[in-house]
Amino acid sequence: MTAEEFVKAAKEEMQTTMSIYFSDDSETKVGQMIQKLINMGVPKEFLFQFVSNILNENYYNFMLALDGEASLGGIQMMYELFDEDGNELTGSGNIESEAFKQFIGE
């Protein structure tokens, strides 16, 4: 797995989460809260953008933390992340670069 594939998988996970949150029969707490807000008159499109921006920023910051470019829990350090084949995904700045492209540069 490459850093690009890792970040892409994270992006796909975020999109799946958004689908679950915004399904009409979501059983998640977030999904239920979204339904309540929609029922109160908050436009679904606004809520979708709002939650999407929250997740984008959080995923992006987490990706930067893995590459040592941001803090995680107030601690900034380099992490070593390897796939099951022993390929290192961190340390080169590739996660940071891909995370910017896929989460911020949309």
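**Entry 1: a starting question**

Is Phe50 buried, partly exposed or exposed? I looked up its relative accessibility, which is 46%, so Phe50 counts as partly exposed. My cut-offs are these: buried means under 20% relative accessible area, exposed means over 50%, and partly exposed lies in between, with a 1.4 Å probe and protein chains only.

**Entry 2: what I am looking at**

I note that this is a predicted model, where local features need pLDDT of at least 70 and side-chain atom pairs count only at pLDDT 80 or more, while totals for chains, interfaces and linings use all residues. I number residues from 1 along each chain as its sequence is written, and side-chain values use heavy atoms, with hydrogens and water left out.

**Entry 3: the whole chain**

I found four helices and zero strands in the protein chain, and reading along the sequence gives the pattern α-α-α-α. Helices (H or I, at least four residues) and strands (E, at least two) are DSSP runs, numbered from the N terminus.

Next I looked up the dimensions: the C-alpha trace spans about 50 × 30 × 25 Å along its principal axes. The chain has 106 residues, and 31% of them count as buried. It exposes about 7,000 Å², with carbon and sulfur atoms supplying 53% of that area. Such accessible areas come from the Shrake-Rupley method with a 1.4 Å probe, and for residues only the protein chains shown count as cover.

I also checked contacts (heavy atoms within 4.5 Å). Among those between residues at least 6 apart in sequence, 58% join residues at least 24 apart.

**Entry 4: charges**

How far apart are the mean positions of the positive and negative charges? I read 11 Å, for 6 positive and 19 negative charges. In this count Lys and Arg are positive and Asp and Glu negative, while His and the chain ends are not counted. Each charge is placed at NZ of Lys, CZ of Arg, CG of Asp or CD of Glu.

**Entry 5: salt bridges**

Side chains of opposite charge can pair when their charged atoms come close. A salt bridge here is a side-chain nitrogen of Lys or Arg within 4 Å of a carboxyl oxygen of Asp or Glu. How many salt bridges does this rule give? The count comes to two.

One of them joins Asp24 and Lys44, whose closest N and O atoms are 3.8 Å apart. This pair links distant parts of the chain, with Asp24 in the loop between helix 1 and helix 2 and Lys44 in helix 3, 20 residues apart. Asp24 has 63% relative accessibility, so I wrote it down as exposed. Lys44 is partly exposed because its relative accessible area is 33%.

Lys101 also forms a salt bridge, with Glu98, and here the closest N and O atoms are 3.3 Å apart. Both residues lie in helix 4 (residues 94-104), three residues apart, about one turn of the helix. Glu98 is buried, because its relative accessible area is 11%.

Where is Phe50 found? I located Phe50 in helix 3, which covers residues 44-66. Phe46, Phe50 and Ile54 form a nonpolar patch on the surface, with about 300 Å² of accessible area together. A patch is made of residues with over 30% relative accessible area and no salt bridge; like charges are joined within 9 Å, and nonpolar side chains (Val, Leu, Ile, Met, Phe, Trp, Tyr) within 5 Å.

Ile38 sits in helix 2 (residues 29-39). Its relative accessibility is 23%, so Ile38 counts as partly exposed. Leaving out residues up to four places away in sequence, I found that Ile38 touches Lys44 and Leu47.

**Entry 6: distances, C-alpha to C-alpha**

Ile38 and Asn87 are 49 residues apart along the chain, and their C-alpha atoms are separated by 45 Å.

Gly93 lies in the loop between helix 3 and helix 4. Gly93 and Asp67 are 26 residues apart along the chain, with 6.2 Å between their C-alpha atoms. At a relative accessible area of 24%, Gly93 is partly exposed.

Lys8 belongs to helix 1 (residues 3-21). Lys8 and Leu47 are 39 residues apart in sequence and 24 Å apart in space.
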